[in-house]
Amino acid sequence: MSFERIVHTETDRRFYASYLKEFLPEHIFDAHMHLWELRHRSGSKYIRRGEDWAEQVEQAYPMPMLREDYDRLFPDQTLRGLIFGWVGASINVEANNRYVGELVRENPGWYGLAVICPEWDRETTLRQIEGNGLRGMKPYITFAAPEIATPDITIYDILTPEQWELADARGYVCTLHLPRPGRLHDPKNVEQLLEIDRKYPNARVIVAHIGRCYSNEDMGDAFEQLKDTKNLCFDFSGNTNALVIRRALEIFGHQRMLYGSDLPLTHIHMKRVYQNGHYLNLIRGDERPQINHAAYMQPMPDAKNYTYYLYESIHAFQEAAEALGLNRAQVEDVMCRNALRLLEQ
């Protein structure tokens, strides 16, 4: 498979200069990044449950590659961030958590979460988090019990009530990629998010990707049902739908929205389009040939003119922010300060 570094193009330079350079604050805090080394991929221990294209973007993504990407993508900004390991089926979770802990120790001002397996008891979970100097939990559907069919997985199947009790007792940050085909507006997800907000008020929950609301239809009436929650925040990582971002800002307020990149999945050249409530990723066929035939992917003849998926995501936030009249300080909150408040409380 081809994993050469992705080339920065003149289209990318023009897009950054025209749209993002003046919009972005000087300091960025990225609340959603995956980091791992090739040695952490140890074979098929878990069931592959996520979208198959995501597993093919990078074999490894260590800190030097992340810093190289940020230097190229955002030459005028400084970076801090919240990092966690990879969540693919081949990952050695414990070794990857140790690596994230090492990175946090080596990079002052950065924070990390431990990828969590639901079969761990309280002491094992505590050891994976605090033993590695990390700030909380990153569950994912990959690690749910193999006998549970993927569409039937619930939040409590990836982070157990006992682990939520620990998060509440310790004030952990929990970045939650919602399960279930209905995404945020799935009734079980709404029910459990309301319960988590009520029962575990000291857990600091980041609902990733705005609850996977990539299309307008994914919202349903979930925002309205969740509007009175107190402890849920939302990152817009991987989300390029300006209407969804705008509605989230309107319902929850800018102080509960966080910037996240979802690197390395978003440094490819790509556009995400929405058709009948589903998304389709339009891609360059020559950039990552191994994903050409994956689900949700469509190589396009004009894709040499595409810019980065990450640029498209930030531009969608920019459109939403400008439509709502967010001022400079409010944009800086979303792009930096909100995450720091959450992590440093």
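These legends describe close-up views of a predicted model. Local features need pLDDT of at least 70 and side-chain atom pairs count only at pLDDT 80 or more, while totals for chains, interfaces and linings use all residues. Residues are numbered from 1 along each chain as its sequence is written, and side-chain values use heavy atoms, with hydrogens and water left out.

View 1. Strands (E, at least two residues) and helices (H or I, at least four) are DSSP runs, numbered from the N terminus. Two strands pair if DSSP finds at least two bridges between them. Strands of a sheet pair through backbone hydrogen bonds, either parallel or antiparallel.

**View 2. Strand 8 and its two partners.** Strand 7 (residues 204-207) is joined to strand 8 by three bridges, and the two run parallel. Here Ile206 is opposite Cys233 of strand 8. Two bridges link strand 8 to strand 9 (residues 257-258), again in parallel, and Asp235 is opposite Leu258 of strand 9. Between strand 8 and strand 9 the chain passes through helix 10 (residues 242-252), and this β-α-β crossover is right-handed. That term means that, with the strands pointing away from the viewer, the path from the first strand over the helix to the second runs clockwise.

**View 3. The two faces of strand 8.** In a regular strand the side chains alternate between the two faces of the sheet. In strand 8 (residues 232-235), Leu232 and Phe234 lie on one side, Cys233 and Asp235 on the other, and all are buried. Buried means under 20% relative accessible area, exposed over 50%, and partly exposed in between (1.4 Å probe, protein chains only).

**View 4. Helix 10 against helix 11.** The axes of helix 10 and helix 11 (residues 309-324) come within 8 Å and cross at roughly 50 degrees. Axes are lines fitted to C-alpha atoms, for helices over the stretch in contact, and angles run from 0 to 180 degrees between N-to-C directions. The two helices are therefore oblique to each other; angles under 35 degrees count as roughly parallel, over 145 as roughly antiparallel, 65 to 115 as roughly perpendicular and the rest as oblique. Residues making the contact include Ile245 and Leu249 of helix 10 and Ala316 and Phe317 of helix 11. Contact means heavy atoms within 4.5 Å.

View 5. The strands are in the order 1-2-3, with parallel pairing. The edge strands, each pairing on one side only, are strand 1 (27-34) and strand 3 (111-112). Two bridges join strand 2 (residues 78-84) to strand 3, and Leu82 has Tyr111 as its bridge partner in strand 3. Helix 12 (residues 328-344) lies across strand 1, strand 2 and strand 3, at about 65 degrees to strand 1.

View 6. Asn97 is in helix 3 (residues 93-106) and is buried, with a relative accessible area of 0%. Beyond its neighbours within four places in sequence, Asn97 contacts residues that include Trp120, Gln128 and Asn132. Arg14, in helix 1 (residues 10-20), is partly exposed at 46% relative accessibility. Arg14 and Thr307 are 293 residues apart in sequence, and their C-alpha atoms are 9.4 Å apart.
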